[in-house]
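User: I would like to learn how to read a protein model feature by feature. Please give me the general idea each time, and then the case here.

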Amino acid sequence: MATASDVSRLRAARLAAHGLAGGGLPSITAAVERLGAVQAQDLGAAKWVLGARVAGAREADVDAAIESRAIVRTWPLRGTLHLMPAALVRPVLALTAPREFRRLTTRHRDLGLDAAVVAEARRIVVAELAARTRTRDELFAAWEGAGIATGGQRGYHLVWRFALEALVCCGPVDGRTQSFVLLDEWAPGPPAGAGDDARDETLTRLLTAYATGHGPVTVADFAWWAGLTLGDARRARAVAGEALAEFDAERLVAVGAEEPARAAAAAAARPGGRLALAAFDEYFLGYADRSVVCAPDDARKVVPGGNGVFQPILVDRGWVTGTWRRRDTRGGTSVTLEGFGDAIAPGGYRRALEAWAAFRGVPLLALEAADG
């Protein structure tokens, strides 16, 4: 059974791996590279996942990192939008897309997306995106104009399919709207390699990236995060070899990651170790087993109803202590904190929430605990 010291050491190491301890990470691009991928179906939340790890960052810095094309938003893992380093996108899609296609066969048949419809939709999207961007509504209108209905999730599934094919990806951000572009034009690169050697190389790169930004981790954690079978995750561990080292009997870290003692010192360097993290933050979301950072009963409060919608979380020295919600008004934003169990002192999270408000470019007007 793990001792309290073992668990504290594990949380400290994870805080350091995530870039949430000490001085953080140097840039938004560095944060994506450290984490390997950031779940990003909620783009606003994903921006703060990154901003929380980069001191003094602003929302516009995330937009600029996307515009630089060093990071790409697409559907590489678990059939869900992520931000990922551009260099990983093609090889990871080659690894994960075949399984997604198999999983979607019945759904696409039910939607009437047969080979002829898909081929015509592909022809249209290539023509529409040639050397330009298009919003989702504009793409849907082009398909509708050609007689391809987009209702009932047909349009979404077409975009998703073409992203899995490495044909399209999300491009520049305008406020909360992100247009689509051709991946070959937005982030050109060689096609992903084929064969067992290429697959093993990608498994190694992906597991090493995951362990670097999330470690210490288990093989089961990696399988969940990457949307791979446990067999593939075990293969990744085998072929990664000396790129990984044992942290304890169950968990792995990337070679070169900070030593636990240094991680603990870095965690202690942040006053109180209190963080206000985004909904869907990788510190909570990115593991099959979250019990190291949150009590199981409380974890259900982070995802109320078990509907896959994660709430923003409060973290104290690596432990998830509650959730928070914002209320925007004309003059700024106010925040209500809801603790798990014991009453929570809002003042302890003021510094973290002031950083979040500054990241958004709005004043923090009020900070209060929820009633009851």
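**Helix pairs, cysteines and loops**

Analyst: Start with a pair of helices: α6 passes α7 in a right-handed crossing. A crossing is right-handed if the near helix is turned clockwise from the far one by less than a right angle, and left-handed if anticlockwise. Helices (H or I, at least four residues) and strands (E, at least two) are DSSP runs, numbered from the N terminus. This is a predicted model, in which local features need pLDDT of at least 70 and side-chain atom pairs count only at pLDDT 80 or more, while totals for chains, interfaces and linings use all residues. Residues are numbered from 1 along each chain as its sequence is written, and side-chain values use heavy atoms, with hydrogens and water left out.

User: At what angle do α6 and α7 pack, and how far apart are their axes?

Analyst: Two packed helices are described by the angle between their axes and the distance between the axes. Here α6 (residues 115-129) and α7 (residues 136-145) pack at about 130 degrees, and their axes are 10 Å apart. That makes α6 oblique to α7. The axes are lines fitted to C-alpha atoms, for helices over the stretch in contact, and angles run from 0 to 180 degrees between N-to-C directions. Under 35 degrees is roughly parallel, over 145 roughly antiparallel, 65 to 115 roughly perpendicular, and the rest oblique.

User: Which residues make the contact of α6 with α7?

Analyst: From α6 they are A121, I124, V125, E128 and L129, and from α7 they are L139, A142 and W143. Contact means heavy atoms within 4.5 Å. By class, the contact of α6 with α7 has 7 nonpolar, no polar and 1 charged residues. Ala, Val, Leu, Ile, Met, Phe, Trp, Tyr, Cys and Pro count as nonpolar, Asp, Glu, Lys and Arg as charged, and the others, Gly among them, as polar.

User: How do I read α10 and α11 in the same way?

Analyst: α10 (residues 196-214) and α11 pack at about 105 degrees, with axes 11 Å apart. That makes α10 roughly perpendicular to α11. On the α10 side L203, L206, L207, Y210 and H214 take part, and they meet D221, F222, W225 and A226 of α11. The contact of α10 with α11 has 7 nonpolar, 1 polar and 1 charged residues.

User: What about α11 and α12?

Analyst: The axes of α11 (residues 219-226) and α12 (residues 230-240) come within 9 Å and cross at roughly 120 degrees. α11 and α12 are therefore oblique to each other. Their crossing is right-handed. V219, A220, F222 and A223 of α11 meet L230, A233, R234, A236 and R237 of α12. In the contact of α11 with α12 there are 7 nonpolar, no polar and 2 charged residues.

User: How many disulfides does the structure hold?

Analyst: A disulfide is a pair of cysteine sulfur atoms within 2.5 Å. The structure holds 0 disulfides. For C169, the closest cysteine sulfur is in C170, and at 6.8 Å it is too far for a bond.

User: Is C169 buried or exposed?

Analyst: C169 is buried, with a relative accessible area of 1%. Buried means under 20% relative accessible area, exposed over 50%, and partly exposed in between (1.4 Å probe, protein chains only). C294 is also buried, with a relative accessible area of 1%.

User: How do I read the backbone in the loops?

Analyst: Most residues other than glycine have a negative phi, and most peptide bonds are trans. In this model, R69 has a positive phi of about 70 degrees although it is not a glycine. R69 lies in the loop between α4 (59-67) and β2, and at 36% relative accessibility R69 counts as partly exposed. F280 has a positive phi near 65 degrees and is likewise not a glycine. The loop of F280 runs between β8 (274-277) and α14 (282-285), and F280 is buried, with a relative accessible area of 8%.

User: Which kind of peptide bond, cis or trans, runs from G215 to P216?

Analyst: The bond from G215 to P216 is cis, with omega near 0 degrees. P216 is in the loop between α10 and α11.

User: Where is R78, and what does R78 touch?

Analyst: R78 is in the loop between β2 (71-77) and β3 (80-85). At 19% relative accessibility, R78 counts as buried. Leaving aside residues up to four places away in sequence, R78 touches Q39, E100, W224, W225, A226, G227 and L285.
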